[in-house]
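Subject: Structure for you to look at

Hello,

Here is the structure I said I would pass on. Please open it beside this message and follow along.

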Amino acid sequence: MTLFNKREFIDKYNKQIPQIISTQFIADTDTPVSALLKIANNQKYSFLLESVEGGDQRGRYSLLGCDPDLIWKVKDGKVSITTDSQYLHDNTKAILNPIQSLRQILHLSKVFRDTKETPYPVLVGYLGYPMIQYMEKIILNNPDPLRIPDALMIRPKIVAVFDNIKDTINVMTAIYPEKNIKAESALKVAENRIKVNIEKLNSQIIKNEFS
């Protein structure tokens, strides 16, 4: 069941309003882990977020995603942005400091939705301890043997949300308007993206070389 109105989608797209479309079905035999193995097989950037209540009780939602259209990274105080979105290219400034840049990315990635709707993780990642130097006046003297990025955020193009109360899965994708892409074309790509990932979920888990 695809949960959107085509005419309304096109109207909002033409007004430069980001949107999310989704398809919902019953969670039969899949678990969040098995679903992640299917849709994010061999992908470098993916995630699984579990909600927890009281520290030991599983919450209502499990959120997983992959295939980012934006990778925001901070390394040694320098921001790098990797994206295939022309809109982001045109509206991001690499000269900003990391906190300003993150605020900018958040602003450009927001999708306004009813709070009663299934949650959608727009940006997922981490802010490492070195990021504190951009929030407070502090000098970091400890060595950094790991040499991982100070911060990393991705904006997933495909998200699957398990509702552990309703026993359903919502396969979702966000569509951000682009000047050089018409609404109908953007919708077609988004629908196909959902279709491909539903097919992955309906397939058997692909065993890796360590199985």
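Gly125 is in strand E5, which covers residues 124-127. The model is a predicted one, so please read everything below as a description of a prediction. With a relative accessible area of 47%, Gly125 counts as partly exposed, because that value falls between the limits of 20% for buried and 50% for exposed. Which residues does Gly125 touch, leaving aside its neighbours within four places in sequence? They are Leu152 and Met153. Ile154 is 29 residues away from Gly125 along the chain, yet the C-alpha atoms of these two residues are separated by 6.2 Å.

The rest of this message is about helices. Two packed helices are described by the angle between their axes and by the distance between those axes. You will find both values below for two pairs, and helix H5 takes part in each pair.

Start with helix H1 (residues 6-14) and helix H5 (residues 183-201). Their axes come within 9 Å and cross at roughly 120°. That angle makes H1 oblique to H5. The crossing of this pair is right-handed. On the H1 side, the contact is made by Lys6, Phe9, Ile10, Tyr13 and Asn14. On the H5 side, Ala183, Glu184, Ala186 and Leu187 make the contact. Sorted by class, the contact of H1 with H5 has six nonpolar residues, one polar residue and two charged residues.

Now take helix H2 (residues 32-39) with H5. The axes of H2 and H5 come within 8 Å, and they cross at roughly 120°. H2 and H5 are therefore oblique to each other. Their crossing is right-handed. Here H2 contributes Ala35, Lys38 and Ile39 to the contact, while H5 contributes Asn197, Lys200 and Leu201. By class, the contact of H2 with H5 divides into three nonpolar, one polar and two charged residues.

Asn197 is part of helix H5. Is Asn197 buried or exposed? Its relative accessible area is 6%, so Asn197 is buried, the limit for that class being under 20%. Apart from its neighbours within four places in sequence, Asn197 is in contact with Ile39, Ile158 and Val171. Of these, Ile39 is one of the H2 residues in the contact with H5.

Regards

Notes:
Residues are numbered from 1 along each chain as its sequence is written. This is a predicted model: local features need pLDDT of at least 70, side-chain atom pairs count only at pLDDT 80 or more; totals for chains, interfaces and linings use all residues. Side-chain values use heavy atoms; hydrogens and water are left out. Axes are lines fitted to C-alpha atoms, for helices over the stretch in contact, and angles run from 0 to 180 degrees between N-to-C directions. Helices (H or I, at least four residues) and strands (E, at least two) are DSSP runs, numbered from the N terminus. Angles under 35 degrees count as roughly parallel, over 145 as roughly antiparallel, 65 to 115 as roughly perpendicular and the rest as oblique. A crossing is left-handed if the near helix is turned anticlockwise from the far one by less than a right angle, and right-handed if clockwise. Contact means heavy atoms within 4.5 Å. Ala, Val, Leu, Ile, Met, Phe, Trp, Tyr, Cys and Pro count as nonpolar, Asp, Glu, Lys and Arg as charged, and the others, Gly among them, as polar. Buried means under 20% relative accessible area, exposed over 50%, partly exposed in between (1.4 Å probe, protein chains only).
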